[in-house]
Amino acid sequence: VSVMLQLPLVVTTQVDLVLVLVSLLAFWTRLSRLSSPNAVVFDEVYYGQFVSLYMKRVFFIDDSGPPLGHMIMALGAYLGEFDGNFVWNRIGAEYPSSVSVWSLRLLPAVCGALCVPLVYLLTLELKFCHLSALGASALLLLENSLIVQSRFMLLESLLIFFVLVALLSYLKFHNHPNSWFRYCWLLLSGASCAAAVGVKYMGVFSYLLLVGVASLHTWNLIGDRTLSVCVQCVCRAVCLLVVPVLLYVFWFYLHLTLLHRSGPHDQLMSSAFQASLEGGLSRITQGQPLDVSYGSQVTLRSSASQPIPCWLHSHKANYPIRYENGRGSSHQQQVTCYPFKDVNNWWIIKDAGRQELVVSSPPRPVRHGDVIQLVHGMTSRFLNSHDVAAPMSPHSQEVSGYIDFNVSMAAQNLWRVDISNREAESESWKTIMSEVRLVHVNTSAVLKLSGVSLPDWGFRQLEVVAEKLFKAHSSSLGWTVEEHRYGTSQEQKEREAELHSPTHIDVDRKMSFWAKFLELQWKMLTVKQEDSEHKYSSSPLEWITMETNIAYWLHSSTNAQIHLIGNPVSWGVAHLSLLAYQLLAAVYLLRRRRGLKDLPDGVWAQFVCLGCVCVGGWLVNFVPFLLMEKTLFLYHYLPALCYLHLLSPALLEHTHTHLLRYTHTHSPLVTLVQLSASQLQALKWRDSWDILYRRR
């Protein structure tokens, strides 16, 4: 104890001044004059809308990626006391004095600045020298495309930051096998992977790359009998598989907790999801009866009507006697799908064996497998189908409101209720929650939305048909009861007045988080907004050759402007390094196959690790774009480019250290060889070299 308490207590530390210097320069290039220009720059017009919605707690869905990146930018806006009251309607719009532009752009800029020291440290963890680390960090520091992308309210700097943290943390874990503290690095690596995926879906590919490298290391570890393999594998699985999944779900939990109000994107979601939000549809559907019963008045929304919803509809207009192509129709009342709220969207669920159109006491719920009739509320026509070709889809059956023209065309108006998401065979039909298929009893065809617009005689509304089940796609067959009440009026005039009245009752019904989470995942992956040609869109091959740039901002009255464009020198070096590594790796592999080992095992392992991280990182962040059918921009290439900037100095060091050492240019100086004075003079490349020789 006396030895431990000796004074003075001294703490010794080492500071890498080069690392400090490049970090300071990175913050200076990314954060200086961050509020300039004081105007909306390129995609700030897009992401700014989401930030405003966060400030107002209004729900939205962005099909380009998960919500973590938006939440990080919203955090910056919150720190700057932004209230969300700014209209992001055009690029170049001036920010008012009440908006702290600096805080809006702060967190992406900080992450972009931190990428520079991260690359420095990552190079060292790949076991290359400090000079190579300085070279890699300098390439990132001076890359003008990365500087531009970091200085605005955009996502790429956040994505690159989390990917680099994940790789650095994993390598620190792998390179220090004798310390239990290293599992903190592994945990940080898994959390950073989750954050990268939470910013943009492209982060999945870097995550899979890291998991692949970790799996290879784990496989090699299994052969070491001195270690507790089970514990090692479980720790890796928890940190790199379980933790990322839990954190990914947590990002959405925060997203859905914060955004609890109805907004402009509600229509992309199901009726149940909309009803769970404050305002909007919930004001209409709160407190509706849960069980659909005989006599219920309902509106039926098609599950296939995305992204714009539509409801089963009929009106006092008949199909034309003959269509433009000469085909005949039944001339019965039109049934369509209408994309607006309307009193003609109401239908009454009727028991086929009774005449009543009101709910009995107690109500009799409709269950899976029951046969019903659907009566149009405003015209009292029965929903009908028969062996007559649909107007726009002649391979399908026409659906109509039945009119008895006394022409030997009998009514075929029985429909079987098939609840597709039921948990039990006897389950009752639930408002909002149940998705049902309506199967025509006479023909076994299923009621569906074809998606084709009718001509002017059909008021450009959407066609509804009945199609054989084996032909129809299951995703287009579902219908959901959205608005629902128990009918009380048997007489037609009283019923019409009832249908015009509101349905709101102040009773709350919620949707579980997991149901909302799964629906949101599905929508983000499947609901794509229409892509349009953009002036600055580009193809992946144009990124490599630098044939493209993006004008981010132009001053309204001067020639001041901001462009996203790469540095031709650094991009050229980066792609030459990529080619050189591949050629060198091919030569090494061929020679090793022939039994010629040019490199010691440790150096070979370092070379392979460099390729897995850098070349592999470039591949997984570039090749997927070749397969995507979406509008692409130059900034999509920046994550892949960072891997090449990491590769270039490391490959140069490898070439200098392990290839040039085999040169025999000056071998006469290290071996005992007789040379003439002229031969020795030819070896003197620099005047400062002191080479001795005898004159004769």
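A residue is buried when its relative accessible area is under 20%, exposed when over 50%, and partly exposed in between, with a 1.4 Å probe and protein chains only. The model is predicted: local features need pLDDT of at least 70 and side-chain atom pairs pLDDT 80 or more, while totals for chains, interfaces and linings use all residues. Residues are numbered from 1 along each chain as its sequence is written, and side-chain values use heavy atoms, without hydrogens and water.

Q: Which residues of helix α14 are called buried?
A: K516, F517, E519, L520, Q521, K523 and M524 in α14 fall in this class. They pack against α10 and α11 (271–275); helices (H or I, at least four residues) and strands (E, at least two) are DSSP runs, numbered from the N terminus.

Q: What span does α14 reach, and what is expected?
A: The expected span is 1.5 Å times one less than the number of residues. Helix α14 (residues 513–526) has 14 residues and reaches 20 Å from its first C-alpha to its last, close to the expected 20 Å.

Q: Why is H255 called buried?
A: Its relative accessible area is 3%, and H255 therefore counts as buried. H255 lies in helix α10. Leaving aside neighbours within four places in sequence, H255 is in contact (heavy atoms within 4.5 Å) with Y54, F60, P67, M71 and L520. The C-alpha atoms of H255 and H70 are 9.4 Å apart, although 185 residues separate the two along the chain.

Q: Why are α9 and α10 called roughly antiparallel?
A: The angle between α9 (residues 203–222) and α10 (residues 229–258) is about 175°, and their axes are 10 Å apart. Angles under 35 degrees count as roughly parallel, over 145 as roughly antiparallel, 65 to 115 as roughly perpendicular and the rest as oblique. The pair is therefore roughly antiparallel. Axes are lines fitted to C-alpha atoms over the stretch in contact, and angles run from 0 to 180 degrees between N-to-C directions.

Q: What makes a set of residues a nonpolar core, and which residues have the most contacts inside the largest one?
A: Its members are buried Ala, Val, Leu, Ile, Met, Phe, Trp, Tyr and Cys residues joined through side-chain atoms within 4.5 Å. The largest core has 139 residues, and F59, F82, W88, L104, Y552 and Y637 have the most contacts inside it. Helix α7 (residues 156–175) gives the most to this core, with 14 residues. A second, separate core of 33 residues includes V292, L462, W479 and V481.
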